[in-house]
Amino acid sequence: MAAGYGEMLRTRHAARLLTGTLVGRLPNATAALAIVLFVRAEGGSLALASALSAVYGVANAVGQPLLGRAVDLYGQPRVMLPSALLAALGMTVFAAVGLEPVALAYAAMVVAGFFTPPLEGGLRALWPSVLKSEERIHAAYSLDAIAQEVMYVVGPLIITGLVSLWSPAGSLFVINALGALGALAVVTSPPSREWRSAPREAHWLGALRSRGLLVLLGTFFFIGSALGSIAVSSVAYGEAHHDGNVAGYLLSAVGVGAFIGGTVYGHRQWPGTPEQRLRLLVTGLAVCYLPLLLVPGPVLMTVFAGVAGVFLAPCLACAFVVVDRHALRGTVTEAFSWLVTSFGVGAAIGTAFAGPALQGVSLRAGFAVAVGCGVAALLVMLLARRALQAPAGPSPIVARSEDGPVVARSENDRNGAVEPGFSAGHQA
């Protein structure tokens, strides 16, 4: 029987780590909206707002895996706390100085994006040592995926609330102060301070030497592209129906669907290996995108958007386990950070492709981009099946508790297995 979310959260340090990570990720989750609102309030154009937001996103995509590698090498507090303070400083300079000189605004976006601490990867690296059992880890990854969806729904509401109560600049100050406090709560916790990555072999490719990880990155690049195209297509759908609120309904429905799917997935253990489950989940995700092509009226379209989100959180939760199994020794934080980067870059690409399809072809064509990306994600999983085989001979987790040693043969084998395609002597 699965331990359940309640038992997982009652585990010592678990609630603090999850809450601190979610709060620490608020600046990144709300950056796109907060930057646009601030630029417009300062009299800047939409083109400038988009450019600054894009610079932030690119810098973040570059910084996450590099900072993740630094965490694996030097530990969480020595990397995450300074990076959180630098990211907050960059956004504070942006809010205080404004758009003039514009070069300083761009530099601030580079700093704020690049130094965003890799809290997601850091949290997932901590779970096995904190939770110590397969059931709790399974629940933790599912709850993590659910919370991620909720955060991306609630975050914009927090920003708009702060803007209405104070100002766009004030919202940047508050959100980034909260982000720094969230990171502080994580890195001052005993699990974060005590965590050490396994010894690794020095290599410039780092986590990217894992063939299994490369398959996951390709898969989630296309899943991110699908979500990015759905976001743009939802806006176009709302405009076509002369109701600006419809886009919000559709995107919220995706989040609700993900919440429901993640809750169901995390409440029990499922048969088969995580790699097998992930193939089935990605298949379900691709199939559930198909009804969007019908482009019905707003009520039914909202239902279809909810269906499109059902397999999203389970895919993420299962992917977290698979990443942990295939990350080479000593690269687990970097591997998780690469997943974040792949997903984010995919979302940006999906947004870029959906726009011309919507403008030059039809409304249905925008949603067809999402369907095509879902099919591409599935094809990556199927064509690269051999590269994503379950690692042979998983190592048990051995941890210490008050009652003595705890041995848990977890899905998260702590990277003890030999990675397919590499000899034992070449493990990182």
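Which element gives the largest share of the lining of the largest cavity? In this predicted model, local features need pLDDT of at least 70 and side-chain atom pairs count only at pLDDT 80 or more, while totals for chains, interfaces and linings use all residues. Residues are numbered from 1 along each chain as its sequence is written, and side-chain values use heavy atoms, with hydrogens and water left out.

The structure turns out to hold three cavities of 30 Å³ or more (a cavity being a set of points, on a 1 Å grid over the protein atoms alone, where a 1.4 Å probe fits but cannot get out, with lining residues having an atom within 4 Å of a point; grid points are joined across faces, edges and corners, and a volume is the space filled by probe spheres set on the points). The largest cavity comes in at about 110 Å³. Its lining takes 14 residues, and P27, A87, A88, P117 and N176 sit closest to the centre. Two or more lining residues come from each of α3 (26–41), α5 (76–97) and α9 (168–187) (helices are DSSP runs of H or I, at least four residues, numbered from the N terminus). As for the opening question, α5 gives the largest share, with four residues. Sorted by class, this lining has nine nonpolar, five polar and no charged residues (Ala, Val, Leu, Ile, Met, Phe, Trp, Tyr, Cys and Pro count as nonpolar, Asp, Glu, Lys and Arg as charged, and the others, Gly among them, as polar).

The second largest cavity holds about 70 Å³ of space. Its lining includes G24, R25, N60, Q64, E120 and V340, and α4 (46–74) and α7 (119–131) are the elements that give two or more residues to it. Here the classes split into three nonpolar, five polar and two charged residues.

Terms used: 1 Å grid on protein atoms, 1.4 Å probe; cavity = no way out; pocket = protein on both sides within 12 Å on 5 of 7 lines; lining within 4 Å.
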